[in-house]
Amino acid sequence: MPPPTTNNLGYTPPDGGWGWVVVLAAFISIGFSYAFPKSLTVYFKEIQEYFGVSYSEIAWVSSVMLASMYAAGPISSVLVNRYGSRPVVMVGGLILSAGMILASLGTSIIHLYLCVGVIGGFGLAFNLQPALTIIGTYFQAKRPLANGLAMTGSPVVLFTLAPLNQFLFDSFGWRGSFLILGAIVLNCCVAGSLMRPVNKMVVFKPKTEPLEVNGAEEASGAEALRSEDSPKSQSCVHRFIDFSLFKHRGFLIYLVGNVVMFFGFFAPIVFLAPYAKHQGIDEYSAAFLLSIFALSDMFIRPATGFIGNTRWIRPKIQYFFALAVSYNGVCHLLCPLFSGYAGLVVYAIIFGIAFGMVCALLFETLMDLVGAKRFSSAVGLVTIIECAPVLLGPPISGAMVDTFGDYKYMYYTCGVLMLLPGIFFFIMHYYNYKKQEEEQRKSASVEMRTAEDSTQQNLYQKDNLTSEIET
């Protein structure tokens, strides 16, 4: 395990204790946030036939839900910064439940867009950001491992919900299933109740110490103090959302790459079960592909967190993330080559591994770049910008299926949209690491000169004092 790094939280995170209970709570909240929209794809074929809509139109249900979850990111971040994670997650569970209950009464596809998509998406946003943020307050040295374990909630919940949704549909229809799901998601309220704020009455660090590792905070301690004292930084908006992140080199690299990546990130999952049904595979076997995908995803996430926490990987964890993104692209490019159900099983396994690696590192790499203190603002800004590709990706993919009558072009496109950002991350983070090393050398040189000047000044004052005494 790497040695604990310095942090800019103003206290030493416990790296354990109640933090592991918080990880369990985050496991549940993150699980529902990411798995719930994917698990609903089991109902797509039947809802599509019920309302007589196209592939592209039905894909908007998951798209609007994910986009709303991302668009509500800044709102969630402001509420977390103001009230803490616990009440926000509990309110999110209630909103999500209300959305699913209202959706069970739906009379048109537009009704589902509003209830499942918008209302449900806002409920998921109030689960995702608080869960991600609170982990950074409890962990520092073990943070990649804690994030990896919490992110494992997504495949575990998906592995459970995929067959459960098929069973609920066969027993109660899609309306009855949505009503029951509205009760199941109230478990998010239980998870929120476990997110007790961290006890900050521990060893405090001087504000003049270096802030974060890997250039997470590029300002010196004196600069940080000056920014804290400035009236402008104390404005209401800036206090909750840190727009100075748009001047942060690492944050901009992360943002640009992720915007492109998210155009092809979710569509392959959304269309996995419909793709299998298109090939003549029965409904239960098609739904089971999501469980296979989730199973491999489930095991790789904690493993990725463990690997990312090692002393060999953590100092350059951005390269590990770039590798995971590139691997996703290669998987999608190879997907059309896997024929039959056996081929789709192989694809689901390798795609689950690739997807799990990205998800385990997705927010850890952001926290590594900007630091735990600025993470809440960073994730809010990232998600509001990413909501556009999250919203448009699956419908565009669905439109490609409608146009060509074949899924392979959609998978080729998603593969390219994942591979290019992976290459971009490799190149830009190599540049970023080099710049950080140069800045650290300059900072060390300045500090050394300052120390020498201070020593000379002290010697000069001592000589003057000696001369005055002798006189």
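A salt bridge is a side-chain nitrogen of Lys or Arg within 4 Å of a carboxyl oxygen of Asp or Glu. Keep that cut-off at hand as you explore this predicted model.

**Exercise 1.** Decide what kind of contact Glu364 forms with Arg143, and find where the two residues sit.

*Solution.* 
Step 1: The closest N and O atoms of the pair are 3.1 Å apart.
Step 2: The cut-off is 4 Å, so Glu364 and Arg143 form a salt bridge.
Step 3: Now place the partners: Glu364 lies in helix H17, while Arg143 belongs to helix H7 (residues 143-151).

**Exercise 2.** Work out how helices H16 and H17 are oriented to each other.

*Solution.* 
Step 1: H16 covers residues 317-334 and H17 covers residues 340-370.
Step 2: Their axes come within 8 Å and cross at roughly 150°.
Step 3: Angles over 145 degrees count as roughly antiparallel, and therefore H16 and H17 are roughly antiparallel.
Step 4: Their crossing is left-handed.
Step 5: Sort the residues of this contact and you get 18 nonpolar, four polar and two charged.

**Exercise 3.** Find which helix gives the largest share of the nonpolar surface patch.

*Solution.* 
Step 1: The patch, of about 530 Å², is made by Leu323, Val416, Leu420, Ile423, Phe426 and Ile427.
Step 2: Helix H19 (residues 408-470) supplies the largest share, five residues.
Step 3: Phe426, for example, is in H19.

Key:
Residues numbered from 1 in each chain as written. Predicted model: local features only at pLDDT ≥ 70, side-chain atom pairs only at ≥ 80, totals over all residues. Heavy atoms only, no water. Axes fitted to C-alpha atoms, helices over the stretch in contact; angles between N-to-C directions. Helix = DSSP H or I, 4+ residues; strand = E, 2+ residues; numbered from the N terminus. Parallel < 35°, antiparallel > 145°, perpendicular 65-115°, else oblique. Left-handed = near helix turned anticlockwise from the far one by under 90°. Nonpolar A, V, L, I, M, F, W, Y, C, P; charged D, E, K, R; others polar. Patch = residues over 30% accessible without salt bridge, like charges linked within 9 Å, V, L, I, M, F, W, Y side chains within 5 Å. Areas by Shrake-Rupley, 256 points an atom, 1.4 Å probe, with all protein chains shown as cover.
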